[in-house]
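User: Hi! I have a model open and would like to talk it through with you. Could you look at it with me?
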Amino acid sequence: MTAPLLTLSDLGFAWPGHAELLDIPAFHLAQGETLFLKGPSGSGKTTLLGLLGGVQKPSRGSIALLGQELTTLSAGARDHFRVDHTGYIFQQFNLLPFLSVRENVELPCHFSKLRTRRAKQRHGSVQQAASALLAHLGLKDDLLERRADALSIGQQQRVAAARALIGQPELVIADEPTSALDADAREAFLQLLFAECRAAGSSLLFVSHDQSLAPLFDRHLSLAELNRAATPAAEV
Amino acid sequence: MYLFRLALASLANRRFTALLTVFAIALSVCLLLAVERVRTEARASFASTISGTDLVVGARSGSINLLLYSVFRIGNATNNIRWDSFEHFANSKQVKWAIPMSLGDSHRGYRVMGTTGAYFEHYHYGRGQALQLAGGRAFETDPFEVVLGAEVADALKYKLGDKIVLAHGVASISLVKHDDKPFTVVGILQRTGTPVDRTLHISLGGMEALHIDWKNGVPARGAGRISADQARNMDLTPQAITAFMVGLNSKIATFSMQREINEYRGEPLLAILPGVALQELWSLMGTAEQALFVVSLFVVITGLIGMLTAILTSLNERRREMAILRSVGARPWHIASLLVLEAFALACSGVVLGTVLLYVGIASAQAYVQANYGIFLPLALPSPYEWTLLGGILGAALLMGAIPAWRAYRQSLADGLSIRV
């Protein structure tokens, strides 16, 4: 087994003055692995993603991404580290509606030199990287200069995937990206996402409450089992 | 740079609110600049009502009173001065020229001034401009000739050759008219934007002839009456005048001449320096001018607060935008700068548009303002002071932009990557 990309150990988090929300003794994600994490609302999903993104700091324990301990970095350095190595896809309304499709995909490159460099290495230029990714995800060139909100939800999610993948971040975190899609589109979207993650060598952490997708992944876990602090009562 | 592009794109997405905000700022900027410019020009135009005259002399009273009745044709003299006093000083070695003025009659609300040909030669206004005739000629030997100021001719629709009757006293409706001695319009002056436009000029002889048969302030009756033709053949040297203006051979002599006049033993006289008296008068009116300026400053602040409100209101609905930016790597300070840039972009467009509006306004109203208020508004580049004002507005906008920036900064720290619908 390859060295883990992401390791959590003895992780705990609580908002000041509140009971502990997260208590994860151990968790790891291997390089290139696709993981389905079942996370109903109230299981601490949002908080976990915030910790992985370095937006919040855990109360105790460690988060290591690519061997870098996030908890020892400053807030600014965590932000920097996040954009260099992580791509995000959210539930829906992922895009800035006032930018074109291409500009949306290129966004991370404006904030990360590393991803710009990688995009150029692989595709020649950031622009070519954007159109190549969009083409792989089944979006034609003539959509490139359209405003992002002129696209259908399914198309928008594919644009979001392209944005998460540009510049080959090591980790792609997807938070319920398929919940706005119908069943057929869901699987098609996932297959495209898998293919692109493979091509980019990225690991995929896929958080969803839709158990039916779980078999498509290398591995699946439930956050409720992982998180000792989660109580069924907390599920809304 | 990329942040600025993002800020503009985001603003373009909210273009209706953004345009309204820009327009509000533009109007307030335009108002501020317009008030500032009118203020400056009004002051300049006021100061240039009279130029080249070294001293104005009248019966002893207050300097502003003397200035008001002699130059602005407002109010009345407290007393006359004797003709021989005038001659005494007019013949002084230091005096280059002297213009006698005799006031007290009117025509349909406009003042009538008796003077001599020296008036048309030596009276200057603005930056040393002399009076110009738009038509006709100055009055000559016949006492019953009148030269009209431009506004009098325009408003009363008089043309050369018209006969007009002057009224005794300065009330706009006068019961006593000099209808036995009509005057002929022989000349009309060009517009000057000064009180000259509202004056009818006759010769001192004409003024004397009007009152030659008057006794104790009322016209003579019956046999005592003297007709216009009879008057023409009489000695029309006046006994008294109201005031006179003096130009000296050397400016250095101004103060000694002033003292000499003030200490004249023949009768109590007062000599004033018109520039100094104008300053005194302006400082009296300065309060209103200051108030206007302060009001327009407040309008600018209102415009900026409007901008602040628009940005602050948009913050909540833009949490998603912020979270997306955070997820693609924008740091909280990026978010904060985005909002400062947005405020800057709005204020900058407002300032530019406001300045454009001002110039369009000046270009279109220039002739009208000049004709009606005597104020020439130049289409000049902004003065250093105006640049300071514009810079101040931008600075204030940046400061105000810091408020939503701070809120967005806190908000994006708290929200992180989670998107609130």
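User: Let's start with chain B. How many helices and strands does chain B have?
Analyst: Chain B has 13 helices and 17 strands. Keep in mind that this is a predicted model.

User: Thanks. What does the C-alpha trace of chain B span along its principal axes?
Analyst: About 110 × 45 × 30 Å. The radius of gyration of chain B is 32 Å, while a compact globule of 421 residues would have one near 22 Å.

User: And how is chain B divided into domains?
Analyst: Domain 1 is made of two pieces, 2-46 and 287-415, and domain 2 covers 55-272. The C-alpha centres of these two domains of chain B lie 53 Å apart.

User: What share of the residues in chain B is buried?
Analyst: Buried residues are 40% of the 421 in chain B. As for contacts in chain B with a separation of 6 or more, 79% of them join residues 24 or more positions apart.

User: Switching topic: which residues of chain B does UniProt list as "transmembrane region"?
Analyst: The unreviewed UniProt entry lists residues 16-35, 291-315, 336-369 and 389-409 of chain B under that name.

User: Nice. How many residues of chain B are in contact with chain A?
Analyst: 17 residues of chain B are in contact with 24 residues of chain A. On the chain B side, α1 (2-13) and α11 (319-327) each supply at least two residues. The largest share, five residues, comes from α1(B).

User: How do the residues on that side of chain B divide into nonpolar, polar and charged?
Analyst: Eight are nonpolar, six polar and three charged.

User: Now chain A. In what order do the strands of its four-strand open sheet come?
Analyst: The order is β2-β1-β4-β5 in chain A, and the pairing is antiparallel.

User: Why is one side of β2 and of β5 left without a neighbour in that sheet?
Analyst: β2 (22-30) and β5 (68-69) of chain A stand at the edges and each has a single partner strand, so one side of each has no neighbour in the sheet.

User: Over how many bridges do β1 and β4 of chain A pair?
Analyst: Strand β1 (residues 4-13) and strand β4 (residues 60-65) of chain A pair over five bridges, in the antiparallel sense. To find the pairing on screen, look for T7(A), which stands opposite A64(A) in β4(A).

Technical notes
Residues numbered from 1 in each chain as written. Chains lettered and ligands numbered in written order. Predicted model: local features only at pLDDT ≥ 70, side-chain atom pairs only at ≥ 80, totals over all residues. UniProt positions renumbered as here; feature names shortened; annotations may be inferred. Domains from an automatic or database assignment. Contact = placed C-beta atoms within 7 Å. Nonpolar A, V, L, I, M, F, W, Y, C, P; charged D, E, K, R; others polar. Rg over C-alpha atoms; globule rule 2.2 N^0.38 Å. Buried ≥ 20, exposed ≤ 12 C-beta atoms within 10 Å, placed from the backbone. Pairing = 2+ DSSP bridges.
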